[in-house]
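Visitor: Hi, I'd like to talk through this structure with you. Could you start me off with a hairpin?

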Amino acid sequence: VGIAMDVAFPVNSLRVTHPTEVWRDHPSLATVSLCVLVLFAVAVLHSELAPGCARRLRLALGACLAGSILGNSCLDWLKWDTSWQAPGVLMITAHLDVHTVLMQSCLLYCSYASASRLFRALVWAPWAEAGVAGLLGVLFQLPHCISSAALLWATWHHDDATVRSRVFGVPYGTLCWTVCYCGCFTRIFRMAEACKWGAFTSFFAACCSWLPVCVILLTAQVFSGDIFRAWPGESRGSPGQATFGLLLAAHALPVYRCLRREGVISRGLTDVVVFFWDKLYPPDEKELRRRRRRRNQPIPTETEGVEAGNVVVAAMSLKSRYGKTVHAGTRGTVTSIYRTDGDALIAFEGFDKFVLPSSDFGRLTVETKACPRCHGRPGGCLWSCRLCQGQGMIDLQRPLAREPVLFVLGILAYFVLLATLISQADPALQVSTGPHQGWGSCDSFERDLL
């Protein structure tokens, strides 16, 4: 085994293996490689057929593919590889298969596109979108990594601190990298869209998303205490369970705050804490009366949705602060919102200036509002807004366009196939991927490593 581990990899390792040989040595790997190839084709079709006419998804898919190639090439050049890969049909280097590149690109693109869809109908919430992308990235990658560990598609080193701590045979370091990389990619790409960057600048910034990931991972290890487990001889390694939990909480917090603000979650963490606190220390009658008074106070939710640029319709007769009257059914445009008292200056039909008190906002019906992504400025040939389709305004009465069914079916088929392989495939039919595997013929080391 020691001699096999000292074998040097050739510098130019581009190699093609016949598919029948891959099927003979790794039938499950050949199956999942074909599935990933089909999923990548589905991602390409989604970037072309998704609702809207922007180039955002096409640019995102290209950035996902280029970022995956760039990141893996840098790791291979620095010899920071932490696993042995089973030889596939096309090996770019001794440690990098085309299957791996396509898998990482599909994982990143699916998490980005799904997060963008989830927050399309909500207000501008880029941090919540990045948090959802990171959580979805872990959800997409975890079944694949479990299958890799069980069916010997990849074998992680046992002596590297970054992959030593594991769950279900999957290193915490791999999962931490995924949640940070998906979140950073989504946030940087959304910032490029908001700042109206050019195609090349956005592409380059998204490809370099793995650079801030290193800083985030190091910071999370320091705050979780796992940094002290990365020394040689430490059996647990770093990052570990604490770092992974901290990153999950950091990505879930903006998602929770956005859903709480939008009313999707009716009761928040404060209500839960108060509930358990009352169980330990029951409140007195004075506190209960104060809570009842606060509960019966009207909540000014009617002020939400009335913003500058919105087209509104008077649901009933309105009276301005200066005595003007507008009949029901009159349409107008919100010119501005006063910062001092929150009143709205509205240009109704027949009235150029109509000051409506904020307490009467509930008598308005919002028909169209300014797009929360482009803020009513959809101009630009490279960044035409996909949410409003270049109109600058969103019709609230029109339902959102559906995603292509092929994209949803492709993701479902991916999970079904991995679940079937984990439950039905036999690991004994796979060839070892690392010299530390103690079974198989002697020539298996050469075939696996070279």
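Guide: Happy to! This is a predicted model. In it, β11 and β12 make a hairpin with six residues between them, and Gly342 in the turn has a positive phi of about 80°.

Visitor: How many bridges join β11 to β12?

Guide: Five, and the strands run antiparallel. β12 covers residues 344–348.

Visitor: Nice. What is the strand order in the open sheet of three strands?

Guide: The order is β1-β3-β4, with antiparallel pairing. The edge strands are β1 and β4 (96–97), each pairing on one side only. Two bridges join β3 (residues 90–93) to β4, and Met91 stands opposite Asp97 in β4.

Visitor: Changing topic: which residues make the nonpolar surface patch of about 420 Å²?

Guide: Leu14, Val16, Val89, Leu90 and Ile92. Leu14 sits in the loop between α1 (2–5) and β1 (15–16).

Visitor: Is Leu14 buried or exposed?

Guide: Exposed: its relative accessible area is 58%, and the cut-off for exposed is over 50%.

Visitor: OK, now the inside. Which residues touch the most other members of the largest nonpolar core?

Guide: Tyr109 and Phe185, in a core of 65 residues. Apart from that core lies another one of 14 residues, including Val326 and Phe354.

Visitor: What does Phe185 touch, leaving out residues up to four places away in sequence?

Guide: Its contacts are Ala60, Ala63, Cys64, Leu108, Tyr112, Ala206 and Ser209. As background, nonpolar side chains tend to be buried together in soluble globular proteins.

Visitor: What about charges? How many salt bridges does a search of the whole structure find?

Guide: One. Arg190 pairs with Glu129, and their closest N and O atoms are 2.5 Å apart. Arg190 is in helix α7 (residues 172–194) and Glu129 is in helix α6 (residues 126–151), so this pair ties together parts that are 61 residues apart in sequence.

Visitor: Are those two buried or exposed?

Guide: Arg190 counts as buried because its relative accessibility is 0%. Glu129 also counts as buried, at 3%. The cut-off for buried is under 20%.

Visitor: Great, thanks for the tour!

Conventions: Residues numbered from 1 in each chain as written. Predicted model: local features only at pLDDT ≥ 70, side-chain atom pairs only at ≥ 80, totals over all residues. Heavy atoms only, no water. Core = buried A, V, L, I, M, F, W, Y, C linked by side-chain atoms within 4.5 Å. Buried < 20%, exposed > 50% of the residue type's maximum accessible area, 1.4 Å probe, protein only. Contact = heavy atoms within 4.5 Å. Patch = residues over 30% accessible without salt bridge, like charges linked within 9 Å, V, L, I, M, F, W, Y side chains within 5 Å. Areas by Shrake-Rupley, 256 points an atom, 1.4 Å probe, with all protein chains shown as cover. Salt bridge = Lys/Arg side-chain N within 4 Å of Asp/Glu carboxyl O. Helix = DSSP H or I, 4+ residues; strand = E, 2+ residues; numbered from the N terminus. Pairing = 2+ DSSP bridges.
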